[in-house]
Amino acid sequence: MNAEQVSALVSSAFEDGKVQVDGAGANYSITVISDAFDGKRPVARQQAVYAALREAIGSGDIHAVNTQTHTHGEWA
């Protein structure tokens, strides 16, 4: 799995989102900016990103993920 593939998985879950993925191999840092996070606590935001990666994490293609999540208003 590479950063472009990870980005595609996460982007498909956040249609209004801006996604940036850094990393390689099985370790990634992911920043997602999406209004889907509006009103959600940090843990719920992280869970939403992890849900998009569930199969890749389960298969071992992704081992470690560091997430940053923001709404468009928080990022501005």
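**Exercise 1.** What radius of gyration would a compact globule with 76 residues have, and what does the chain have?

Solution. The model is predicted: local features need pLDDT of at least 70, side-chain atom pairs count only at pLDDT 80 or more, and totals for chains, interfaces and linings use all residues. Residues are numbered from 1 along each chain as its sequence is written, and side-chain values use heavy atoms, with hydrogens and water left out.

Step 1. The radius of gyration is taken over C-alpha atoms, and the globule rule is 2.2 Å times the number of residues to the power 0.38.
Step 2. For 76 residues, the rule gives a value near 11 Å.
Step 3. The chain has 12 Å, which agrees with a compact globule.

**Exercise 2.** List the elements of the chain in order from the N terminus.

Solution. 
Step 1. Helices (H or I, at least four residues) and strands (E, at least two) are DSSP runs, numbered from the N terminus.
Step 2. The chain has 4 helices and 3 strands.
Step 3. Their order is α-β-β-α-α-β-α.

**Exercise 3.** Which residues of helix H1 are buried, and where do they lie around the axis?

Solution. 
Step 1. Buried means under 20% relative accessible area, exposed over 50%, and partly exposed in between (1.4 Å probe, protein chains only).
Step 2. H1 spans residues 3–13, and Val6, Ser7 and Val10 are buried in it.
Step 3. Seen down the axis, the buried residues of H1 fall within an arc of 100°, so they line one face of the helix. The arc is that of the directions from the helix axis to the C-beta atoms.
Step 4. Glu4 and Ser12 are exposed on the other side of H1.
Step 5. An α-helix has 3.6 residues a turn, so residues three or four places apart point the same way.

**Exercise 4.** Describe how strand S2 pairs with strands S1 and S3.

Solution. 
Step 1. Two strands pair if DSSP finds at least two bridges between them.
Step 2. S1 and S2 form a hairpin with 2 residues between them, and glycine 25 in the turn has a positive phi of about 65°.
Step 3. S2 and S3 (residues 64–70) pair in the parallel sense over 7 bridges, with asparagine 27 opposite alanine 64 in S3.
Step 4. In S2, 5 of the 7 residues are buried, so this strand is largely enclosed by the rest of the structure.
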